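Please look through the structure below with the report that follows.

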Amino acid sequence: MNDGLSFVMLEDKTYGVCWDKKTEIWDLVIPDRFLDIPVTMIINQAFSQCKTLRSVVIPDSITKVGYACFDDCEKLENVKLSSRLEHIGAGMFKDCYSIHHINLPESIHTIHVSAFKGTDIEEIIIPDGVSRIETGAFGDCKWLSKVKLPKNLKTLEGYTFLGCSSLTHIELPTSIENLNNSSLAATALEHIEIPHGVSIIGPSLLSHCKHLLSINLPSTITWIREFAFWQCDKLQSINYNGSKEQFNRIKKDKNAFLDIPKEAYINCIDGRLEI
């Protein structure tokens, strides 16, 4: 039964699937074939604002998705993704407030802009094959407490976990080279270790982290950008894996240490520095 579904022929002569916007759908099982031709894609905004949708099973024939496929499906709770899905589309599950858990297949290589923004997921394991997590992918996931990042990830894009106010555990892989604007801002982290190899602390990287007590910085840091630690009200120490002389050579924007507690200090390998 394909009640409520519409199918669109794609350029490669397979089908894309979407909702007819009229039929109420509660539990969706997308077929892997239509008229004996494979269904390979969920098209742009296919099920966006389907207010009755509670669950979805995406068959292994689906390898691609458009943007905002399930955006604002407020009752959507259970999702089984295709084991051959190549990416999580931009805004794919944005504002799906009822999603608490989701398993990402090993086939995924990219998580696009705002893919899970505003969902209620609690933990996420991102497969090691993922090489790119785009801007705001997990922004405002208020219940997200634990994240496992892929071991070869090189860049944490801007706003990736901004506003994840329950996030207490994230381990940055040693492959990380770039930490961009506000990517970990307004989280519940108490401690963060920046891996060796990172050279720039991005603007507002850890701003508004109200529970942050300590930060470990590698000696590879060359630039600390504006508002990097702004309003980290409980910050006690920045532990720098280099000498005082090395730390003093780091380029620091004017407001890099704005509103850090007066009693906080820089702990270098050869002694302390005042901030």
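H208 counts as partly exposed, because its relative accessibility is 31% and partly exposed covers the range between buried, under 20% relative accessible area, and exposed, over 50%, with a 1.4 Å probe and protein chains only. The residue sits in the loop between β18 (200-201) and β19, where strands are DSSP runs of E with at least two residues and helices are runs of H or I with at least four, numbered from the N terminus. The phi of H208 is near 60°, a positive value in a residue other than glycine. Most residues other than glycine have a negative phi. K21, which is not a glycine either, also has a positive phi, of about 70°, and this residue is placed in the loop between β2 and β3 (27-29).

The model is a predicted one, in which local features need pLDDT of at least 70 and side-chain atom pairs count only at pLDDT 80 or more, while totals for chains, interfaces and linings use all residues. Residues are numbered from 1 along each chain as its sequence is written, and side-chain values use heavy atoms, with hydrogens and water left out.

| Residue | Relative accessibility | Class |
|---|---|---|
| K21 | 44% | partly exposed |
| H208 | 31% | partly exposed |
| N152 | 47% | partly exposed |
| T40 | 15% | buried |

N152 belongs to the loop between β13 and β14 (155-156). Leaving out residues up to four places away in sequence, N152 touches D128 and S175, where contact means heavy atoms within 4.5 Å. The C-alpha atom of N152 is separated by 10.0 Å from that of P127, a residue 25 places away along the chain. T40, by contrast in its setting, is found in strand β5. With the residues up to four places away in sequence again not counted, T40 touches L10, D12, T14, Y15, S61, I62, T63 and K64. One of these is Y15, which is 25 residues from T40 along the chain, with a separation of 6.0 Å between the C-alpha atoms.

For I111, when neighbours within four places in sequence are left aside, the contacts are I88, L104, F116, I126, V130, R132, I133, E134, A137 and F138.

The aromatic pairs number 11, counted where the ring centres of Phe, Tyr and Trp (its six-membered ring) lie within 6.5 Å, with planes under 30 degrees apart called stacked, over 60 edge-to-face and the rest tilted. F116 and F138 form a stacked pair, with 5.2 Å centre to centre and 10° between the planes. Since F116 lies in the loop between β10 (110-111) and β11 (123-125) and F138 in the loop between β12 (132-133) and β13 (146-148), the pair ties together parts that are 22 residues apart in sequence. Both residues, F116 and F138, are buried.

The pair of F229 and F257 is tilted, at 5.8 Å centre to centre and 35° between the planes. F229 is in the loop between β20 (223-224) and β21 and F257 in the loop between β22 (251-252) and β23, so this pair ties together parts that are 28 residues apart in sequence. F229 and F257 are both buried. One aromatic cluster is formed by F47, F70, F93, F116, F138 and F161.

For the chain as a whole, there are 1 helix and 24 strands, and the C-alpha trace spans about 70 × 30 × 25 Å along its principal axes. Of the 275 residues of the protein chain, 52% count as buried. Among the contacts with a separation of 6 or more, 32% are between residues 24 or more positions apart.
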